[in-house]
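I am opening a notebook on a structure that is new to me.

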Amino acid sequence: MMGITLMTLFEGAYAADKGKGIGSWLPSAGTEHANAVDWVFFFINAVSIFFFLLIVLGSAYFVVKYRQKDPGDLPEPSPSHNTKLEIIWTIIPIIIVVVMFIVGFANYMNAVVAPENAYLVKVMGRKWSWTFEYPNGYIDKDLHVPVNEDVKLLISSEDVLHSVYIPNFRIKRDAIPGRYTVLTFKANHLSPEEGYHLFCTEYCGTEHSLMHSKAFVHERADFDAWLVKASDYVNNLGPLRAGEKLYLERGCKSCHSLDGSSGTGPSFTDLYGNSHPLADGTNVTPDENHIRESILYPKAKIYSGFQPVMPTYKGSLKDPEIDAMITFIKAQSNVSRAEAEQVQAEFEANKPQEEEE
Ligand SMILES: [Cu+2]
């Protein structure tokens with residue numbers, strides 16, 4: 001019994017030390033903190049298994065040992081209590097529980113109190129995507145961080161409760177609308193090529209299970225290069241591709257389809273250049289100005305038959321991004337597809353070649 005317990009404990013601690021979960025059934029540890037959390041996990045597990053076996057096997061043993069062997073056996077009076085024994089079985093569990101609390105609490109504080117000068121990434125959750133804002137204002141759908149540096153995630157939500165969870169870092173914290181929460185970590189080696197998983201771990205509606213991003217850990221120099229390149233994506237991808245990226249990554253997709261079907265909002269198919277009624281009874285023929293206004297002030301003109309639920313992108317989409325978005329929407333309409341594709345084609349033709357890697 002002791003043997004099994006100790007094996008669990010040591011194998012766990014050993015595996016955690018090697019940066020692997022026990023028998024690899026925990027995600028690989030990407031931070032020192034993860035090793036510390038695993039240690040507590042295995043410690044609590046080992047203690048639980050030990051006492052489970054002690055109590056269950058002990059009970060079974062006494063049931064058999066003191067069974068009624070023949071019908072004449074009658075219960076003998078037993079001592080009502082034993083002060084010494086009771087003190088022992090109170091004190092020992094208290095000590096064990098206090099140890100669990102202290103180690104657990106220290107680890108918790110490590111994950112939620114960021115050191116000064118930590119690299120700040122703002123995390124925003126919404127139904128049903130995450131975005132990560134870097135200090136230069138660039139917003140990406142994934143988390144990218146430099147290795148061996150403290151990182152502070154400042155987390156919030158635009159709508160309902162979500163929760164950031166990065167299993168490899170053993171950190172997790174709620175994203176609460178109208179409030180900030182903090183997570184901090186220091187990745188101690190590079191992430192695998194495909195990145196680590198970053199989940200939403202608070203049920204938040206029908207597409208909760210698709211609310212999934214990646215976390216990448218880079219060398220500092222690679223990280224800087226990534227940020228410079230990524231921030232300039234409109235110039236790297238061209239207006240049409242950049243617009244598509246925005247459509248996919250910034251939430252438009254969850255309300256606006258590309259196949260003509262109405263969702264929470266009208267489809268982008270044949271939106272541009274085709275007249276449609278507004279809620280106030282007038283008609284509008286969407287052009288560049290109408291689309292721009294709709295993105296910045298969605299409530300200014302309401303498409304008839306739809307609820308005014310579109311969030312404003314004022315402040316979060318910059319002018320070049322709005323231009324790209326407009327090009328993308330134009331490419332979805334027969335009226336303007338050729339024009340949008342022309343713009344992209346010219347971009348491709350004039351793109352400097354040194355971008356190739
Ligand atoms: Cu969520």
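**Entry 1: the core.** Before looking, I note that a nonpolar core is a set of buried Ala, Val, Leu, Ile, Met, Phe, Trp, Tyr and Cys residues joined through C-beta atoms within 7 Å, and that a residue is buried if 20 or more other C-beta atoms lie within 10 Å of its own. I also keep in mind that this is a predicted model. I found that the largest nonpolar core has 30 residues, and that those with the most contacts inside it are Val-123, Val-164, Ile-166, Leu-183, Phe-185 and Leu-198. This core draws at least three residues from each of domain 1 (2-65 + 80-112) and domain 2 (119-231). A second, separate core has 16 residues, among them Phe-268, Leu-271, Ala-324 and Phe-328.

Entry 2: What is Leu-183 in contact with, leaving aside its neighbours within four places in sequence? I listed Ala-111, Val-112, Leu-153, Ile-155, Val-164, Ile-171 and Arg-173.

**Entry 3: the domains.** I looked up the division of the protein and found domain 1 (2-65 + 80-112), domain 2 (119-231) and domain 3 (233-352). The C-alpha centres of domain 2 and domain 3 lie 27 Å apart, and the contact takes nine residues from domain 2 and seven residues from domain 3.

**Entry 4: helix α3.** I checked the span of helix α3 (residues 83-112): at 1.5 Å a residue, its 30 residues should span 44 Å, and because its end C-alpha atoms are 43 Å apart, the two values agree. I then asked how many of the 30 residues of α3 are buried. The count is one, so I noted this helix as hardly covered, given that a residue needs 20 or more other C-beta atoms within 10 Å to be buried.

**Entry 5: the five-stranded sheet.** I traced an open sheet of five strands in the order β4-β10-β9-β6-β7, with mixed pairing. β4 (143-146) and β7 (171-175) stand at the edges, and because each has a single partner strand, one side of each is left without a neighbour in the sheet. The twist averages 20° from one strand to the next.

I followed the pairings of β10 next. Strand β10 (residues 212-218) pairs with β4 in the parallel sense over four bridges; there, His-144 stands opposite Phe-216 in β10, and Val-145 stands opposite Val-217 in β10. Helix α4 (residues 220-231) packs on the sheet, touching β4 and β10, and its direction makes about 140° with that of β4. Strand β9 (residues 196-200) pairs with β10 in the antiparallel sense, again over four bridges, and Leu-198, already listed for the largest core, stands opposite Ser-213 in β10.

**Entry 6: strand β1.** Which strands pair with β1? Strand β1 (residues 119-126) runs parallel to strand β5 (residues 150-157), joined by seven bridges, and the bridge partner of Tyr-119 in β5 is Val-151. β1 also pairs with strand β2 (residues 129-133) in the antiparallel sense over five bridges, and these two form a hairpin with two residues between them. In β2, Phe-132 is the bridge partner of Val-123, a residue I had met in the largest core.

Definitions and conventions: Residues are numbered from 1 along each chain as its sequence is written. This is a predicted model: local features need pLDDT of at least 70, side-chain atom pairs count only at pLDDT 80 or more; totals for chains, interfaces and linings use all residues. A residue is buried if 20 or more other C-beta atoms lie within 10 Å of its own, exposed if 12 or fewer, and partly exposed in between; C-beta atoms are placed from the backbone. Domain bounds come from an automatic or database domain assignment. Two residues are in contact if their C-beta atoms, placed from the backbone, lie within 7 Å. The expected span of a helix is 1.5 Å times one less than its number of residues. Two strands pair if DSSP finds at least two bridges between them. Axes are lines fitted to C-alpha atoms, for helices over the stretch in contact, and angles run from 0 to 180 degrees between N-to-C directions.
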